[in-house]
Amino acid sequence: QVQLVESGGGLVQAGGSLRLSCAASGIMLRINAMGWYRQAPGKQRELVAAITSGGSTTYADSVKGRFTISRDNAKKTVYLQMNSLKPEDTAVYYCNMRGEIRLGVELVYWGQGSQVTVSS
């Protein structure tokens, strides 16, 4: 059974940095796209950043130039480096992976969520 475990959230002052990690356990033939989403109180979950198996990245406009997504395929881990954090970045952050459990069958997995709080 595949599980995603996140780490690295916390409280930081505006302008500070945090690094989120998300490691997958369990058997998958291949992990395709990986991503990070966030959900602030009273708001819908939104895509923050995504990275394909080939390393192409996508970012929400609000985080471009401040956040960097990366992946380590050998460790089945995705990272989100967050710099120049702003109070509006406060949210619960969720990692997401699309993994093939057998040829042609792709499932979507979610982490448990990590609280990131940025104080002004």
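**Starting point.** I'm working from a predicted model, so I keep in mind that local features need pLDDT of at least 70.

**Fold.** I looked up the secondary structure: the chain has 11 strands and zero helices. I then checked contacts with a separation of 6 or more, and 55% of them join residues 24 or more positions apart.

**Size.** The radius of gyration is 14 Å, which agrees with the value near 14 Å for a compact globule of 120 residues. Along the principal axes, the C-alpha atoms fill a box of roughly 50 × 25 × 25 Å.

**Surface and charge.** I read off an accessible surface of about 6,500 Å², with 49% of that belonging to carbon and sulfur atoms. For charges, I have 13 positive and 8 negative, and their mean positions lie 3 Å apart.

**Core.** Of the 120 residues, 40% are buried. Which residues have the most contacts inside the largest nonpolar core? I found Trp36, Val78, Leu80, Met82 and Tyr93, in a core of 30 residues. Strands that each supply at least two residues of this core include β3 (18–25), β4 (30–39), β8 (77–82) and β9 (91–102). In soluble globular proteins, nonpolar side chains tend to be buried together.

**Tyr93.** I looked up what Tyr93 touches, leaving out residues up to four places away in sequence. Among its contacts are the core residues Trp36, Leu80 and Met82. Tyr93 also touches Glu6, Arg38, Gly113 and Ser114, among others.

Definitions and conventions
Residues numbered from 1 in each chain as written. Predicted model: local features only at pLDDT ≥ 70, side-chain atom pairs only at ≥ 80, totals over all residues. Heavy atoms only, no water. Helix = DSSP H or I, 4+ residues; strand = E, 2+ residues; numbered from the N terminus. Rg over C-alpha atoms; globule rule 2.2 N^0.38 Å. Buried < 20%, exposed > 50% of the residue type's maximum accessible area, 1.4 Å probe, protein only. Contact = heavy atoms within 4.5 Å. Areas by Shrake-Rupley, 256 points an atom, 1.4 Å probe, with all protein chains shown as cover. Lys, Arg positive; Asp, Glu negative; His and termini not counted. Charge placed at Lys NZ, Arg CZ, Asp CG, Glu CD. Core = buried A, V, L, I, M, F, W, Y, C linked by side-chain atoms within 4.5 Å.
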